[in-house]
Amino acid sequence: MNPPQRLHLPAQRRSKEDVLEQMATLKAKDVHWKDGKVFSLVFYAGEEILELLREAHALFMSENGLNPSAFPSLRKFETEVVEMTASLLGGGEEVVGNMTTGGTESILMVVKTAREWAAAHKPHIKAPEMVLPITAHPAFQKACAYFGIVPVVTEVNANFRANVEAIKAAISRNTILVVGSAPSYPQGVVDPIAEIAAAAQEKNILCHVDACVGGFMLPFVRKLGYPVPAFDFQVHGVTSMSVDLHKYAYAAKGASVVLYRNQELRRHQFFVYTEWPGGIYPSPTMTGTRAGGSIAAAWAIMHYLGEEGYLKIAREVMETTKYLEQGINAIAGVHVLGQPEMSILAIGSDELDVYALGDEMTEQGWHLDRQQFPPSLHLTVNHAHVQSKELFLSDLRKAVDKANRLSWHKISSKVAVSMVKGLAKVLPDNVFSQVVSKFSGSGSGKGAPVPKRTAAMYGMIGSLPNRGDIHEMVLDMMDNLYRCQPETVE
Ligand SMILES: *Cc1c(COP(=O)(O)O)cnc(C)c1O
């Protein structure tokens with residue numbers, strides 16, 4: 001690998017047309033999400049909505065939510081967005097909250113708040129712990145890593161919902177927070193929130209419901225008549241919630257809401273420094289400067305759609321989801337995992353290598369996430385997929401046929417080759433050669449045949465005995481990903 005060539009600021013200025021033209025060329029090579037073949041990364045509800053978001057965002061692009069007295073407009077937007085979200089989620093008058101840049105920031109704030117609340121109310125806790133089901137979003141692990149909290153991970157039941165008995169057993173004198181998801185990301189199922197919250201409340205422990213992906217969907221899904229268990233502030237014992245607006249509220253990226261049962265609890269979220277020569281510095285959330293654009297765009301979309309608009313979108317998304325779910329379950333060899341309440345599906349198989357299936361789908365232009373424990377393909381169905389649902393099923397049928405026709409070994413080695421090629425682009429040479437040696441089986445004894453289940457990279461990774469190796473490999477990959485490679489950006 002050549003040493004990266006340092007990129008400098010262009011010596012001369014370039015024309016606006018020139019700059020924008022290059023950007024458009026680059027954008028054309030990104031995944032195309034408007035045709036409904038991309039899952040989970042982009043939520044798209046049509047050109048009209050996109051146009052509104054663009055205009056609202058541009059109108060407040062330079063404004064800074066850090067100082068709401070300078071921008072009463074942003075203060076109005078944020079407080080009203082929080083208010084409308086709280087009321088959607090069964091929050092009484094005492095529920096308060098803030099906007100953040102995303103689910104991760106909302107979750108970081110909640111964990112930080114729980115730590116401060118415990119410090120104030122339970123000073124005996126020296127090594128705080130957080131109890132979370134294995135399916136909870138990694139943002140909770142990140143928060144533990146950032147804030148020095150010990151994560152205590154609990155198992156889920158066969159239906160992928162949190163195991164309440166395991167949670168009860170995991171709660172200790174040091175527990176500061178118990179977490180449930182509505183729904184969890186991997187299989188899209190809602191945890192038994194009422195029971196989790198009751199277990200926490202009994203011990204006077206805070207309980208967070210992560211409704212990042214479900215908060216702007218489940219209330220409408222319920223209104224449409226689909227069964228949705230209690231999951232919000234209506235449940236006693238739920239003390240905080242996170243709800244992303246840049247997911248099913250179809251807002252611009254960088255918008256989420258964090259909610260607390262009451263003001264007393266939220267005070268532990270705030271940060272104030274009074275001794276700075278630059279002035280007294282109050283900051284509600286993680287970030288300093290707060291982008292006005294995403295706050296404004298969130299307010300705009302909520303008013304533009306209203307309950308009527310969200311219900312209509314939710315109806316179409318749920319019809320699409322049910323169509324996909326039935327279609328998938330009708331294909332021999334694959335099935336939807338668990339009984340998801342809303343519009344997140346995971347496709348698993350007892351017979352086929354779903355990673356090989358995923359690669360077949362990739363070849364047909366689909367962008368699906370690969371999951372592990374158990375292996376599955378992930379679909380976050382949103383309004384963009386109303387148009388592509390028939391194509392998805394017919395492509396999936398073809399992919400399953402192909403996977404059935406080819407022998408395991410052939411598929412595996414084909415996938416292996418393409419995965420190795422992909423890896424070669426992002427892994428440093430020395431790590432790459434380690435991966436290849438594991439791939440080829442030479443790591444586990446000379447001349448060993450390629451084990452068919454380990455041929456796809458995920459299969460291979462799943463079978464590596466040492467998870468620490470994977471951790472290091474991914475760090476190496478990140479070193480490389482976040483390094484400028486001018487030659488790849490023509
Ligand atoms: C997306 C998501 C998050 C994290 O949100 P970001 O906006 O990606 O930071 C947390 N929890 C769940 C369940 C999610 O789906």
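Contact here means heavy atoms within 4.5 Å. The model is predicted, so local features need pLDDT of at least 70 and side-chain atom pairs count only at pLDDT 80 or more, while totals for chains, interfaces and linings use all residues. Residues are numbered from 1 along each chain as its sequence is written, and side-chain values use heavy atoms, with hydrogens and water left out. Helices (H or I, at least four residues) and strands (E, at least two) are DSSP runs numbered from the N terminus.

**Helix H4 and the seven-stranded sheet**

- By that contact criterion, H4 lies across S1, strand S2 (129-133), S4, S5, strand S6 (240-244) and strand S7 (256-260). H4 runs at about 20° to S7; axes are lines fitted to C-alpha atoms, for helices over the stretch in contact, and angles run from 0 to 180 degrees between N-to-C directions.
- An open sheet of 7 strands has the order S1-S7-S6-S5-S4-S2-S3, with mixed pairing; two strands pair if DSSP finds at least two bridges between them.
- Strand S1 (96-100) and strand S3 (150-154) are the edge strands of this sheet, each pairing on one side only.
- On average, neighbouring strands of this sheet are turned by 20° against each other, direction ignored.
- Within it, 5 bridges pair strand S4 (residues 175-181) with strand S5 (residues 206-210) in the parallel sense. Ser-181 stands opposite Asp-210 in S5.

**Ligand site**

- The ligand is surrounded by 13 residues, counted as near if one of their heavy atoms lies within 4 Å of it. The closest are Gly-103, Thr-104, Asp-210, His-246 and Lys-247.
- Helix H4 (residues 103-121) contributes 3 residues to this shell, the most of any element.
- The shell divides into 5 nonpolar, 5 polar and 3 charged residues. Ala, Val, Leu, Ile, Met, Phe, Trp, Tyr, Cys and Pro count as nonpolar, Asp, Glu, Lys and Arg as charged, and the others, Gly among them, as polar.
- Thr-104 has a polar side-chain atom 2.5 Å from an oxygen atom of the ligand. For Lys-247 the corresponding distance to a ligand oxygen atom is 3.1 Å, and for Asp-244 it is 3.2 Å. A polar contact is a pair of N or O atoms within 3.5 Å.
- The ligand taken alone exposes 380 Å², of which the protein buries 84%; accessible areas come from the Shrake-Rupley method with a 1.4 Å probe.

**The four-stranded sheet**

- A second open sheet consists of 4 strands in the order S10-S11-S13-S12, and its pairing is antiparallel.
- Its edge strands are strand S10 (335-336) and strand S12 (369-371), each pairing on one side only.
- S12 and strand S13 (residues 376-380) run antiparallel and are joined by 3 bridges. Arg-370 stands opposite Leu-377 in S13.

**Backbone details**

- Most residues other than glycine have a negative phi, and most peptide bonds are trans.
- The bond between Ala-182 and Pro-183 is cis, with omega about -10°. Pro-183 is in the loop between S4 and helix H7 (193-202).
- Phe-373 and Pro-374 are also joined by a cis peptide bond, with omega near 0°. Pro-374 is in the loop between S12 and S13.
- Ser-40, a residue other than glycine, has a positive phi near 75°. Ser-40 is placed in the loop between helix H1 (16-28) and helix H2 (47-59).

How values were computed: Polar contact = N/O pair within 3.5 Å; in protein donor to acceptor, adjacent residues only side chain to side chain.
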